[in-house]
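Let's take a walk through this model, starting at the ligand and then moving on to the charged pairs. Here it is.

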Amino acid sequence: MNSSYAKKTFAGILSAAMIFTMATAVMVEPNSATFSASAETASSDVIFSADFEDGVNAFTRRGTNETLTIDNTVAHGGKSSLCVSDRAKSWNGPQLAMDKIITAGTEYVVSAYAKTEWYSSLTLSKQYNDSTGTTHYENILAANNDGSSWSEYSNVKFSFPAGSTDMYLYFEAGDSNVKIYVDDFSVSNAPDVAIEDIASLSDVYAGYFKIGTAIGASSLASKPYMKLVNKHFKDSVTFGNELKPDFVLDKAACLADYEKTGDDTNPQVSLTSAKSLLDYCRDNNIPVRGHTLVWHSQTPDWFFKVGYSDDGAWVSKDVMIKRMENYIKNLMELIAKEYPTVNFYSWDVVNEAWTDGGTPRTAGSNNTTSGNSAWVQVFGDNSFIDYAFEFARKYAPKGCKLYYNDYNEYIGSKTDAICKMANELKEKGLIDGIGMQSHLDVSFPSASAYEKALSKFAATGLDIQVTELDITTSDTSTAGLEKQAQAYSDIFDSLVKYADNISAVILWGVTDDTSWRASKTPLLFDAEYKAKPAFYSIIDGVVPKSTEPTTATSATTESTTVSAEEPTTAFSGKYGDANCDDKIDISDVVAVRRFLVSKDKYALTAQGVKNADVLASDGVNAQDAVAIQQYVFGNITSLPVKN
Ligand code: XIL
């Protein structure tokens with residue numbers, strides 16, 4: 001990159017951030033008893049409500065013991081509330097059947113007041129059966145109640161996966177002896193919030209690397225969330241969980257196959273959990289990073305046990321090699337059969353096999369002792385990695401690139417162990433790239449430590465993908481979010497530097513509230529779908545690149561000057577609006593850059609040329625693009641630029 005166009009220092013970022021973010025984030029104060037997930041819900045969107053003035057409404061008990069009554073001594077609004085007494089288990093409490101109220105696969109918000117008789121955890125949860133009939137119990141919002149004041153649940157988002165049945169919302173309390181009270185309960189349609197008209201992250205980095213994100217089946221229910229995915233992350237999605245072994249392995253089918261054939265080396269797989277996501281990627285033509293084939297985590301123990309039993313002996317290495325091969329084969333074949341048009345352009349073949357010290361994991365069950373590996377248990381060492389890549393190469397679709405993926409990848413001994421392994425696999429033609437998960441924090445690692453790892457991985461000659469980027473911060477004050485923006489900007493500066501070695505940068509989620517590390521707000525968008533300072537920090541100062549086949553003239557050649565077709569007379573257009581869409585935004589910068597690459601291929605209209613000539617009225621050149629970009633980012637406040 002030409003240094004005068006290098007990503008800017010942070011001084012310029014804040015002004016841009018201030019112009020574009022309109023300070024709308026709803027902060028949940030740690031000590032407040034209000035649990036809020038969405039600010040705006042019109043009351044006309046209420047589809048169910050119960051104030052418990054006249055009875056228990058449609059609520060029932062979850063267990064067989066509880067008594068549901070209307071209590072006239074405790075109320076949030078009006079004179080009474082719902083009281084659940086005689087609880088015997090922590091999960092006992094009030095529940096509301098949702099099948100007749102809502103549609104599975106759509107997002108809603110629930111508001112309520114709830115309290116316990118004395119101090120206890122008090123959790124809003126959901127229960128449902130998926131399309132295979134398996135029952136799931138998931139917390140929506142876990143909190144504590146002090147036993148005297150009401151906890152307010154304010155517009156808390158929830159959804160059930162498409163195809164669910166037997167859906168319930170319920171409250172449960174950790175102390176099985178406390179009474180639970182509920183009042184002023186309502187369910188509303190989630191507001192379909194418009195997303196901001198800002199630059200698309202994928203477009204900004206077009207020509208550098210793909211920009212993608214991780215989504216889960218529940219993400220599909222939220223319209224604003226998916227608008228953000230479609231606008232900013234359309235180059236690539238990773239399914240957060242749904243293609244991991246514990247979602248793909250079908251235990252009942254494995255046991256049935258074993259009983260039928262007497263062979264317990266042919267694991268049966270299912271795409272039921274991934275179906276809605278695969279449908280989405282197929283219908284929207286979005287490329288997929290497959291994640292992940294061989295991992296010590298999120299893989300059931302029975303996969304490694306004789307006869308697929310939960311408590312049997314570990315199988316031999318020979319049996320496990322066959323199971324591994326058939327698992328990969330069956331999964332690849334099923335995807336190819338059911339989703340032949342979905343572009344799986346990469347797969348994480350092995351995930352997290354090296355410790356920070358650069359040694360194999362301890363043998364054992366991760367489900368018993370977190371961090372232990374059943375793969376090491378069965379193989380005795382990390383030799384399973386070779387087999388995994390061999391089978392992935394054999395069965396993955398043609399052209400699909402194969403990656404080793406890990407976290408803390410910037411810790412020296414681990415970086416070196418990964419490089420050594422990667423070089424050996426490269427020799428055998430089995431690996432295409434290294435995945436840097438990049439679960440970072442504002443204070444660790446330093447950008448230079450991260451960049452050092454990048455340089456070592458780049459030196460292997462393999463491709464690099466940043467596969468799960470998020471940067472946590474415990475400080476959500478304005479200053480804290482600015483610090484986070486700086487951390488993101490620093491990491492992206494390094495990524496841009498190594499762009500020739502990096503084919504994709506994937507964020508691990510879109511909005512803070514849905515992140516796996518939600519309490520530390522690690523992502524680019526807040527719960528209100530608004531871009532955070534971190535977003536602006538990473539688009540600031542990026543020189544657009546053409547993704548089209550290169551022509552003789554580089555997009556960043558500063559001396560290129562193209563004359564306007566007509567001499568400038570009285571100006572009646574909109575300076576900066578190169579593409580004449582009546583807005584001045586990053587797409588105008590892209591339009592000018594492309595025009596400078598090829599006037600014929602990326603023609604501007606005569607008015608567009610006039611609008612783009614914002615400096616010195618001497619025809620459109622690279623300086624005009626820079627000036628429009630500066631205007632878009634708020635570094636200058638008016639166009640044209642007067643000398
Ligand atoms: C995480 C998911 O985001 C969570 O929903 C799940 O509960 C645990 O796994 N490294 C990985 C990812 O490779 O698969 C993990 O994803 C995050 C760490």
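## Around the ligand

K244 puts a polar side-chain atom 2.7 Å from an oxygen atom of the ligand, a polar contact in the sense of two N or O atoms within 3.5 Å. W508 has a polar side-chain atom 3.0 Å from a ligand oxygen, and for Q298 the distance from a side-chain N or O atom to a ligand oxygen is 3.1 Å. Taken alone, the ligand exposes 410 Å², and the protein buries 74% of that (Shrake-Rupley areas, 1.4 Å probe).

Who else is there? The residues around the ligand, meaning those with a heavy atom within 4 Å of it, include N241, H291, W295, N351, E352, Q437, H439, E468 and W516. The shell splits into 3 nonpolar, 6 polar and 3 charged residues. Here Ala, Val, Leu, Ile, Met, Phe, Trp, Tyr, Cys and Pro go down as nonpolar, Asp, Glu, Lys and Arg as charged, and the others, Gly among them, as polar.

## How the model is read

This is a predicted model, so to speak of local features takes a pLDDT of at least 70 and side-chain atom pairs count only at pLDDT 80 or more, while totals for chains, interfaces and linings use all residues. Residues are numbered from 1 along each chain as its sequence is written, and side-chain values use heavy atoms, leaving out hydrogens and water.

## Salt bridges

Count a side-chain nitrogen of Lys or Arg within 4 Å of a carboxyl oxygen of Asp or Glu as a salt bridge, and you get 23 of them. One of them pairs K126 with E138, with the closest N and O atoms 3.7 Å apart. K126 sits in strand β8 (residues 120–129) and E138 in strand β9 (residues 135–145), so the bridge ties together parts 12 residues apart in sequence (strands are DSSP E runs of at least two residues, helices H or I runs of at least four, numbered from the N terminus). K126 is buried at 10% relative accessible area, whereas E138 is partly exposed at 30% (buried is under 20%, exposed over 50%, partly exposed in between; 1.4 Å probe, protein chains only).

## Longer-range pairs

D197 and K583 also form a salt bridge, 3.5 Å from N to O. These two link distant parts of the chain, 386 residues apart, with D197 in the loop between β12 and α2 and K583 in the loop between β22 and α14. D197 is partly exposed at 47%, and K583 is partly exposed at 34%.

D264 bridges to R323 at 3.1 Å, and both residues are buried.

Definitions and conventions:
A polar contact is a pair of N or O atoms within 3.5 Å; within protein, one must be able to donate a hydrogen and the other to accept it, and residues adjacent in sequence count only if both atoms are side-chain atoms.
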